[in-house]
Amino acid sequence: MRLAVAPPENVENSSLSMTSLFKICSHCERLSKKDLGVRIPRPLGNGPSRFIPEKEILKVSKVADRTQAIFEDAFSMLGRLDNVSVVMGFHPHYLESFLRTQHYLLQMDGPLSLHYRHYIGIMAAARHQCSYLVNLHVNDFLQVGGDPKWLNGLDQAPPKLQQLGELNKVLAHRPWLLTKEHIEQLLKAEEHSWSLAELHAVVLLTHYHSLASFTFGCGIMPEIQSDGGHTFRPPSLSQYCVCDIANGNGHANLHDDLLGNQEMCGEVEVLMERMKQLQECRDDEEASQEEMATRFEREKTESMLVVTAEDEDSAPSRDVSRHFEDPSYGYTEFSRRGEQVPTFRAQDYSWEDHGFSLVNRLYPDVGQMLDEKFQLAYNLTYNTMATHKDVDTSMLRRAIWNYIHCMFGIRYDDYDYGEINQLLDRSFKIYIKTMVCSPEKTTKRMYESFWRQFQHSEKVHVNLLLMEARMQAELLYALRAITRYMT
């Protein structure tokens, strides 16, 4: 499938097939209504993202042959190209791994039926009120023969799926509370029990919790054919033909962008200088283990105090909330009570030494795919920062990854958590915590408030880091609980 191309010079010769990608000019709309007798929808937004100008995304897909080939493969496998994949197209090497893993989890042979897998995806996405992913998998669920009655609410689904409700809730919001008893309740239920192999469901839950974070963090818009992606109302008054502005060539916020860049002038240089100074300090002296532990506890406590949103909590819509239980349960509730997240020492249970092998044992080949995806997100670099080239960004990437794990109580003994406050400013921390812990509260203002001089592709990379770090953190708690149950 080819993405949108530039608008034709002669609008009258434009094909009606372009309506699936572009807004419709008045001529085409009149022609369609007259000749076909149908109402033509128009998109509610310009492009795949509310945060990223469409012209930036289309520019990437036009010049990158590899990205275009991946898009075509995705379309041939799924019969669609969703907006999540389009935005991930900024980083084709990662996108290829992501699509391969997701295809394996949803389509390949395994212990769970296809409609069970899509329903679990619905449950997981609904936990974060992610109607985009919920609607996507409602359609997939029905296409693979799922019972429409299950979509009336979790209470209408089979008891076996209902039993996942507690695990879904704890994993999504407070994975540090997960214990072997949660696993035991699933595996030793008197009726409708789960098998160890069927804990493939755990990977699906963590996949869609983290994908909901990416969806909100990048402001992903519904496709035109999806609920919330179109309207039949006429466009607002404008000097532009709605067909001509489909590529993001309408009203741009160029003036605002220039002002933002002027205000944040030197931001990148300051960050690069801090990285250089931290490296020099690291070379000169090394903190003691006691000091490293103290710095971790300090950073963990401070992360609990970071405000995740500017607005008051909003109740989820009925359409989404019917797919999960206890909507008041969330991450912010835990921090407000002033309780401490218990520390999980990565040296005692790590992905590399423990989680990887257990996943492969329960569900062959998935461990390898997940490990590749984690590594790609973590190590991905073009050695650039904004307009600067030949920059080693490893220190910054590690700070972002470890800060997320710190919020979940995971500590690496060999990392100096004092670096985090040097490299991540408060606006960035607010964005990270909101996207990872309460992604449904992520706003465009938050997205625009951090790294004002950086490119959108770099911000998408940040979102990939946040998504994968979150997924790995959830998996570590879940796999540790399974290990404790098995031993």
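## Overview

The chain has 23 helices and six strands. Helices (H or I, at least four residues) and strands (E, at least two) are DSSP runs, numbered from the N terminus. This is a predicted model: local features need pLDDT of at least 70, side-chain atom pairs count only at pLDDT 80 or more, and totals for chains, interfaces and linings use all residues. Residues are numbered from 1 along each chain as its sequence is written, and side-chain values use heavy atoms, with hydrogens and water left out.

## Confidence

The predictor's confidence in each residue is its pLDDT, from 0 to 100. The chain's mean pLDDT is 82, and 77% of its residues reach 70 or more. Over residues 1–23, however, the pLDDT is below 50; this stretch has 50 contacts in the model beyond near neighbours in sequence. A contact means heavy atoms within 4.5 Å.

Residues 237–263 also stay under 50 in pLDDT. The model has 38 contacts for them beyond four places in sequence. Where pLDDT is low, the predicted coordinates should not be read in detail.

## Surface and interior

How much of the chain is buried? Of its 487 residues, 53% are buried. Buried means under 20% relative accessible area, exposed means over 50%, and partly exposed lies in between (1.4 Å probe, protein chains only).

The chain exposes about 22300 Å². Carbon and sulfur atoms supply 49% of that area. Accessible areas come from the Shrake-Rupley method with a 1.4 Å probe; for residues, only the protein chains shown count as cover.

Take contacts between residues at least 6 apart in sequence. Of these, 77% join residues at least 24 apart.

## Helix α9

Helix α9 spans residues 164–173 and is mostly covered. Nine of its 10 residues are buried. Among them are L164, L167, V170 and L171, along with N168, K169 and H173.

L204 sits in helix α11 (residues 200–217). Its relative accessibility is 0%, so L204 counts as buried. Leaving aside neighbours within four places in sequence, L204 is in contact with L105, L106, L112, R117 and I120. L204 and A124 are 80 residues apart in sequence, yet 8.0 Å apart in space, C-alpha to C-alpha.

L370 belongs to helix α18 (residues 366–379). L370 is buried because its relative accessible area is 0%. Not counting residues up to four places away in sequence, L370 touches T101, V203, W351, V359, M471 and L475. L370 and F356 are 14 residues apart in sequence and 8.3 Å apart in space, C-alpha to C-alpha.
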